[in-house]
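These are my notebook entries on a structure that I had not examined before. I set down what I looked up, entry by entry.

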Amino acid sequence: MAIRKKKTIPFNFGPKHRAYIYACQFNTYNILEGAVRSGKTIDNVYAFAHELKTCPDKIHLATGSTMANAKLNIGDANGFGLEYIFRGQCRWSKYKDNDCLRIKGPDTGYKEKIVIFAGGKSSDSFKKIRGNSYGMWIATEINLHHDNTIKEAFNRQLAAKRRKIFWDLNPEHPKAPIYKDYLDVYAKKAEAGELLGGYNYQHFNIFENVNISKQRLAEIISQYDPGSIWYIRDIEGKRSIADGLIYTRLATSIAASDNLYLMPVKAVQELNKRGELIEINVGVDFGGNGSGHAFVASAPTLGYKNLIALSSEWHDAEGTDPEDLANMFVKFIKRIIKTYGYVTHVYCDSAEQVLMRGLEKALVRNEMGDIKIRNAVKDVITDRIFTITALTAQERFFYTEDCQTLTEAISMAVWNPKNMKLERLDDGTSDIDSLDAFEYSYERDWRKFIKKKAS
């Protein structure tokens, strides 16, 4: 193969990008997440190419949602891809009916390296990468890969001499499978020192890409509403849901961490001392079949002017018996009483009368039998939802810092896209249990809140 003089590629990396690329040498798992146009893919291509030069493995894998996507973003990458990095030392070819880039030249010590390109979004995409053993794997938009492809690619790396993965992704739904099954698992294990090989994760926003001019950056940003969920996801690169959100304004505020609807516990305690809380009610939703037990306390203020979510908890129902449930419930009630002095009523899902009686007995045993447990009204769900959206629009709904599970549930609640009528999606991808419990705590008074709105 004739070696032509290589054209200099104008790579230009900011400090945070350079630190990530340097760390790739020492870690098996190298993952970049963040905003569009933040330079994620170029970083991984550069680090992958550097490793490719000395890697003892011959065959490697490059994937995208489609093969064309992989070739465009990893092979070409607007002049920064593998075919440019190895200009004069590579050629596009075929390997066992797969498109590949064959690389051989002074950069690889004249040893041939084969990078197979494949798509990964379909359930049967994994079939195209079977039969080979791969050393390293670089994937762009890994969140758009089917799980079958991810698992097969990992299986194909089992015999690798230098096993490495390089993934990039734009932010997704906070409970998307790529987080739940992979990234969050890796992060947790890495923090505990249990992930062998090392975990090199970095997050970028668009402002950290030094290759975007100020003028171009201003043009891009001008296309967005700075207070929108799209800005938070595309520009700041934060995990969020942008399509079908139920509580759009509230979810956007939570994602932006602007604290517009946050009322600190101390501030609520001051309201309580002045007698401005009418009552404190607790809603309980019972778990089962993959759901969880949820407790949420809320309080209306005088004249039903405001609604404040005070505290929330969610517990996995799997492996939890009625006694465990009762103990968790009593602990929650005691915490509310310790913080605010009392609980007025408890409203539970009426479908579980046996569990309700168990909670009643637990309260009596703990000398709190004066707290009455009642059936939740379970009013029309859209009425409950519109109550909160209306209060949010008028800045009359607030939550404390003790409502992490509730704010997470609010941030992920979406409409069912398969139903023409308004219906909250309940397919396990979001925490409906906390939303139900919260709604049970205020639904008896929703008309009073709306009436206050009209006055």
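**Entry 1: helix α9**

Which residues of α9 are buried? I worked from a predicted model, and in it I found L250, A251, T252, S253, I254 and A255 to be the buried residues of α9. I then looked up what covers these buried residues, and the cover includes α8 (229–234), α13, β14 and α14. Past the end of the helix I noted S257, which follows α9 and has a positive phi near 55°.

**Entry 2: α9 against α14**

I next took up one of the elements in that cover, α14. In general, a packed pair of helices is described by the angle and the distance between the two axes. For α9 (residues 248–256) and α14 (residues 404–412), the axes come within 8 Å and cross at roughly 120°. The crossing in which α9 passes α14 is left-handed.

I also listed the residues that meet there: L250, A251 and I254 on the α9 side, and T407, I410 and S411 on the α14 side. Sorted by class, this contact has 4 nonpolar residues, 2 polar residues and no charged ones.

**Entry 3: T392 in α13**

Is T392 buried or exposed? I located T392 in helix α13. Its relative accessible area is 3%, and because buried means under 20%, T392 is buried. Leaving out neighbours within four places in sequence, I found T392 in contact with R249, L250, Y261 and F397. One of these, L250, is among the residues of α9 that meet α14.

**Entry 4: the sheet and its helices**

How many strands form the open sheet, and in what order? I recorded 8 strands, ordered β3-β4-β5-β2-β6-β7-β1-β8, with mixed pairing. At the edges stand β3 (90–95) and β8 (199–204), each of which pairs on one side only. Direction ignored, neighbouring strands in this sheet are turned by 20° against each other on average.

I examined one pair in detail. Strand β2 (residues 59–64) pairs with strand β5 (residues 113–119) in the parallel sense, over 6 bridges. Within this pair, A62 stands opposite F117 in β5. Helix α3 (residues 67–76) packs on the sheet and touches β2, β3, β4 (98–103), β5 and β6 (136–140). The direction of α3 makes about 135° with that of β5.

I then turned to helix α6 (residues 177–191), which lies across β1 (29–34), β7 (164–169) and β8. Relative to β7, α6 runs at about 125°.

**Entry 5: positive phi values in loops**

Most residues other than glycine have a negative phi.

Where is Y110 placed? I found Y110 in the loop between β4 and β5. Its phi is near 60°, a positive value in a residue other than glycine. With a relative accessible area of 52%, Y110 is exposed.

E395 has a positive phi as well, near 55°. I located E395 in the loop between α13 (381–393) and β14 (397–399). E395 counts as partly exposed, at 39% relative accessibility.

Definitions and conventions. Residues numbered from 1 in each chain as written. Predicted model: local features only at pLDDT ≥ 70, side-chain atom pairs only at ≥ 80, totals over all residues. Heavy atoms only, no water. Axes fitted to C-alpha atoms, helices over the stretch in contact; angles between N-to-C directions. Helix = DSSP H or I, 4+ residues; strand = E, 2+ residues; numbered from the N terminus. Left-handed = near helix turned anticlockwise from the far one by under 90°. Contact = heavy atoms within 4.5 Å. Nonpolar A, V, L, I, M, F, W, Y, C, P; charged D, E, K, R; others polar. Pairing = 2+ DSSP bridges. Buried < 20%, exposed > 50% of the residue type's maximum accessible area, 1.4 Å probe, protein only.
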